[in-house]
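Take a brisk tour of one protein model. Keep the sequence and the 3D view side by side as you read.

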Amino acid sequence: MTLAELFAIPAPETRIPMPCVIAEAGVNHEGKMDIARRLIDEAAEGGADAIKFQTYRAETLASRDSPAYWDTSKEPTQSQYELFKRHDSFWKNEFEALKKHCDAAGIAFLSTPFDVESARFLNDLMDVFKISSSDITNKPFIDILCGYGKPILLSTGAAHLHEIAEAVEWIEAKGNKLALLHCVLNYPTADENAALGMIPALKRIFPTHVIGYSDMHTLEIATLLGARVLEKHFSHDKTLPGNDHYHAMDKEDLKHFFRRMRATLASVGELEVRALPEEEPARRHARRSLVTARAVRKGQPLTAADLTWKRPAHGISPRCYDEVLGLAARRDLAEDTVLQWTDLERA
């Protein structure tokens, strides 16, 4: 599913669709254009619909005394400012070049803006804006992004329901299409903390908006629960040190995910209740028919004592039991006769 299809007017689902998959490259390019291009190529090869970077300047994102909130055994930097400063070298020219590379690779370009200036030039490069969980309470910034009139992907990590509802109201007031992405801001998230029940809860509370799932490893379950857009950290090398490498997918993980997802969706099948063609032998032979419990003479009306029900379902179905009571035998019927309508007539 492409980003455009994600926000199209939905038709009633007859099958669970393949979700729109966004490879969250973030700043895993480490400030190197060759690595950024490699991330694009490998995300496209892996089957992702879009690749997303992050655009910021450390000075406008974090104060110098902002503490780390990540696993410092994996990413030892103690200050958010210091970490962001290491990765904020890409700006307008670099992202314009990466957009062109995405176009050539056949994958949609996205980058999360973290300030007004980056939002301004990114608007010319992409069709959808992503708003980080960290900005869910940032009303003036949300208003600015909504002002571009494009669909919004809003992550809901670490937010209470009233905070999500408030942000939704701000976006709805501007008339933007919206997708809410459930996520847990604790990487990597333990299975017991995945809180996947929030996906159907969001679908129930915000039925007019697309619901998605951001950066977990239980992506197939999320899709079955209703997530129509998935976002997952993406790296060209998961063994590299740093906060966003060790819990990321690489291209082989992406390929494996799509293989599993296709198999899972095939096993789910159509979203309707029906008997399958493959079940026809069971319908014919494992269900029951009305059968004479004793011999019945021609012209004798059938009573409950004359009837039982046995396999196969080659005769009159037991669901017609009340209709059969009182009908007369058209011929002599031996005990254990599988009744046909041609055996009976009105008394």
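The report below goes through a helix, a loop residue, the aromatic rings, the cysteines and some backbone angles.

## The model

This is a predicted model: local features need pLDDT of at least 70, side-chain atom pairs count only at pLDDT 80 or more, and totals for chains, interfaces and linings use all residues. Residues are numbered from 1 along each chain as its sequence is written, and side-chain values use heavy atoms, with hydrogens and water left out.

## Helix α7

Helix α7 spans residues 139–146. Helices (H or I, at least four residues) and strands (E, at least two) are DSSP runs, numbered from the N terminus. Phe 141, Ile 142, Leu 145 and Cys 146 of α7 are buried. Buried means under 20% relative accessible area, exposed means over 50%, and partly exposed is in between (1.4 Å probe, protein chains only).

These four residues cover an arc of only 135° around the axis, which puts them on the same side of α7. The arc is that of the directions from the helix axis to the C-beta atoms. What covers them? The cover includes β3 (108–113), α6 (116–122), β4 (129–131), β5 (152–155) and α8 (161–174).

## Thr 77 in its loop

Thr 77 sits in the loop between α3 (58–61) and α4 (80–86). Is Thr 77 buried or exposed? Thr 77 is buried, with a relative accessible area of 9%.

The side chain of Thr 77 makes a polar contact with the side chain of Arg 86, at 2.7 Å. A polar contact is a pair of N or O atoms within 3.5 Å; within protein, one must be able to donate a hydrogen and the other to accept it, and residues adjacent in sequence count only if both atoms are side-chain atoms. Leaving out residues up to four places away in sequence, Thr 77 touches Ala 68, Trp 70, Thr 72, Glu 82, Leu 83 and Arg 86. Contact means heavy atoms within 4.5 Å.

## Aromatic rings

The structure holds ten aromatic pairs. Rings of Phe, Tyr and Trp (its six-membered ring) pair if their centres lie within 6.5 Å; planes under 30 degrees apart count as stacked, over 60 as edge-to-face and the rest as tilted. The rings of Phe 53 and Phe 109 have centres 6.2 Å apart and planes at 35°, so this pair is tilted. Phe 53 lies in strand β2 (residues 50–55) and Phe 109 in strand β3, so the pair ties together parts that are 56 residues apart in sequence.

Both Phe 53 and Phe 109 are buried. Together with Phe 90 and Phe 95, they form one aromatic cluster.

## Cysteines

How many disulfides are there? The count is zero, where a disulfide is a pair of cysteine sulfur atoms within 2.5 Å. For Cys 102, the closest cysteine sulfur is in Cys 20, 13 Å away, too far for a bond. For Cys 183, the closest is also in Cys 20, at 16 Å, again too far. Cys 102 is buried at 0% relative accessibility, and Cys 183 is buried at 4%.

## Backbone angles

Most residues other than glycine have a negative phi, and most peptide bonds are trans. A cis peptide bond joins Arg 311 and Pro 312, with omega about 0°. Pro 312 lies in the loop between β10 (307–310) and α13 (321–324).

Ala 195 has a positive phi, near 50°. Ala 195 lies in the loop between β6 (178–182) and α9 (198–205), and is partly exposed at 30%. Asp 336 has a positive phi near 70°.
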